[in-house]
Amino acid sequence: MREYKADRNVDLKSANGEFMSFGENYRDSWVEIGLGLNKKIGEKTHLYADVERSLGATIQKDWQVNVGFRWEF
């Protein structure tokens with residue numbers, strides 16, 4: 001994956017007049033790896049799960065686990 005345009009600038013001003021400004025550039029390239037499954041457990045019900053992680057970027061996504069139940073109606 002590639003993020004091409006990811007500049008962020010923030011300006012903060014408090015009630016007493018203090019001011020802070022900062023910016024960040026998040027342009028980067030990375031790869032995401034993952035593994036998932038979907039299991040039909042009934043006529044209209046499914047269980048699903050996946051695990052994924054990103055590699056190679058400045059901002060890392062550690063292991064993420066998603067588990068769910070889906071009912072069709």
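**Strand pairing in the chain**

Modeller: Read along the sequence, this predicted model follows the pattern β-β-β-β-β-β-β. The chain comes to seven strands and zero helices. Its radius of gyration is 20 Å, well over the 11 Å that the globule rule gives for 73 residues, so the chain is more spread out than a compact globule. Taken along the principal axes, the C-alpha atoms fill a box of roughly 60 × 35 × 20 Å.

The pairing may be followed from strand E2. Strand E2 covers residues 7–13 and strand E3 covers residues 19–25. These two strands pair in the antiparallel sense, and seven bridges hold the count between them. To find this pairing on the model, one may look for Asn-9, which stands opposite Gly-23 in E3. E2 and E3 form a hairpin, with five residues between them. In the turn of that hairpin lies Gly-17, which has a positive phi of about 95 degrees.

Strand E5 (residues 31–40) is joined to strand E6 (residues 45–55) by a hairpin through four residues. E5 and E6 pair in the antiparallel sense over ten bridges. Within this pairing, Leu-37 has Ala-49 in E6 as its bridge partner.

Strand E6 also pairs with strand E7, which covers residues 64–71. E6 and E7 run antiparallel and are joined by eight bridges. The charged end of Arg-2 sits over the ring of Tyr-4, at 5.3 Å from the ring centre. The structure also holds one aromatic pair. The largest pocket has a volume of about 220 Å³ and is lined by 13 residues. Of these, Tyr-26, Asp-28, Trp-30, Ala-57 and Ile-59 lie nearest its centre. By class, the lining of this pocket has six charged, four nonpolar and three polar residues.

How values were computed:
Residues numbered from 1 in each chain as written. Predicted model: local features only at pLDDT ≥ 70, side-chain atom pairs only at ≥ 80, totals over all residues. Heavy atoms only, no water. Phe/Tyr/Trp six-rings, centres within 6.5 Å; stacked < 30°, edge-to-face > 60°. Lys NZ or Arg CZ within 6 Å of the ring centre and 35° of its normal. Pairing = 2+ DSSP bridges. 1 Å grid on protein atoms, 1.4 Å probe; cavity = no way out; pocket = protein on both sides within 12 Å on 5 of 7 lines; lining within 4 Å. Points joined across faces, edges and corners; volume = space filled by probe spheres on them. Nonpolar A, V, L, I, M, F, W, Y, C, P; charged D, E, K, R; others polar. Rg over C-alpha atoms; globule rule 2.2 N^0.38 Å.
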